[in-house]
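Open the model in your viewer and get ready to select residues.

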Amino acid sequence: MAARGFPYTDLKDFLAALERAGELRRVSVPVDPTLEISEVVTRTVREGGPALLFERPTRGEMPVAINLFGTEKRMAMALGVESLDEVGARIGELIRPELPVGWSGIREGLGKVMQLKSLPPRKVKTAPCQQVVYRGDDVDLNRLPGLQVWPDDGGIFHNFGLTHTKHPETGKRNLGLYRLQQHSRNTLGMHWQIHKDSTAHHAVAERLGQRLPVAVAIGCDPVVSYAASAPLPSDIDEYLFAGFLSGERVEMVDCLTVPLQVPANAQVVLEGYLEPGERLPEGPFGDHTGFYTPVEPFPVLHIEAMTMQRDPVYHSIVTSKPPQEDHGLGKATERIFQPLLKLLIPDIVDYDLPAAGVFHNCAIVSIRKRYPKHAQKVMNAIWGAHLMSLTKLIVIVDEDCDVHDYNEVAFRAFGNVDYARDLLLTEGPVDHLDHSSYQQFWGGKAGVDATRKLPEEGYSRGWPEEMRMSPEVVSLVDKRWKEYGI
């Protein structure tokens, strides 16, 4: 299905679409960005409630838009489809079967999709995001209604800032989504995790003794916002991917003080630089793991210019123990990247990343089992697949198990497993935010083989047949159901 209603001109246009669909509620009373907004949002998310626009935050000079992606329905609206699987299907249709497997295959497959169907960004000379300009001493981050989400957070954070950098030697652009702690009226802490591309850009700049230019865009259109969160290979441009998703070229404008480009229709843009070698304590921060991440030293962004639209809207997100708004973003990634993961690992029938596992702690994978230890082969392939390498628990089930039906998956994992033989333990990299690993950045992982066992795997008892009612009786009862009066 082709994308519907694109492009959303900007964040305000998307909010208007949500409101027309009954998916947005305006909060007209004053609400405090310190803790109060967070509690309101958390309750709303857990009730499956709407996107929210806080029109009168008690800090800052603009309304706060939040919970925009908190349901799969709104995430699909953001990408202009009825179902998130439609985007994955579009990618799957474009991938030729003769492409090689392995990580080079997934990179080549995604590169082919981008080349065939993407539209490169278009540079414009003037932009709404530069209608209002503050420079030097006029820069004041307190104009923004940044949030303190949890009581022990280290202060105010800006949680949906799209961070732009360039590799100092190659000029390759990167767009990432990182939390930003407000240190002062014109400085921010950059929480760049070890596996992120911007971290690599900064490392090169420090090795060369150079400042690293940075631009942060807040309140972008929903497709660009999603693209910033997507786990793309480093050589795939996020704005090319956004062009593929929307079917429209993203308009970009040159920044005023740094050699970078940002989305022309962003609500707010922060321009600045990182000094080589400079670090300040960042955190604590209540993260999507449900726990506070500790204080660590991170680079400091010095802001030289702050530009914005007239009457801008500030976009943020609340992070917490699931369920929370990032469920929608994670599910979009799961569905969109399914064809590419299957290109890399053709054994996979389907997979699910449970929100309770914050999308990298657990993967449930179904396979069409063909030979002994096939499940263990797939486990090791997943642990070698780009950011899937951070997965801590992999549960492999047969193809007749619906990986999205957690009761059915639990039935297989609890009943089909001899944990003396069917459990694979290993070690490897884990997420930067993982608090359970005894050493930061690496720890233990487990794979559970919950498939039917074969005689060649040493299972000599003869695997039993699962009980199923005959189709004739099922059909009979369907026809007579009203007669029973139940």
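Where is the place of Pro-284? Select Pro-284: its place is in the loop between β13 (280-282) and β14 (285-286). Strands here are DSSP runs of E with at least two residues, helices are runs of H or I with at least four residues, and both are numbered from the N terminus. Now look at the bond from Gly-283 into Pro-284. This peptide bond is cis, with omega near -5°.

A word on the ground rules. This is a predicted model, with residues numbered from 1 along each chain as its sequence is written. Local features need pLDDT of at least 70, side-chain atom pairs count only at pLDDT 80 or more, totals for chains, interfaces and linings use all residues, and side-chain values use heavy atoms, leaving out hydrogens and water.

Next, select Leu-35, in the loop between β1 (24-27) and α2 (36-46). Leu-35 is not a glycine, yet has a positive phi of about 75°. Leu-35 is partly exposed at 31% relative accessibility (buried is under 20% relative accessible area, exposed over 50%, partly exposed in between, with a 1.4 Å probe and protein chains only).

Move to Asp-311, in the loop between β17 (300-308) and β18 (314-315). Asp-311 also is not a glycine and has a positive phi, about 55°. Asp-311 is exposed, at 66% relative accessible area.

Last stop: Thr-391, in the loop between α11 (374-382) and β21 (393-398). Is Thr-391 buried or exposed? Thr-391 counts as buried, at 1% relative accessibility. A polar atom of its side chain lies 2.8 Å from the backbone oxygen of Met-388. Show the neighbours too: leaving aside residues up to four places away in sequence, Thr-391 touches residues including His-360, Trp-383 and Lys-445 (contact means heavy atoms within 4.5 Å).

How values were computed. Polar contact = N/O pair within 3.5 Å; in protein donor to acceptor, adjacent residues only side chain to side chain.
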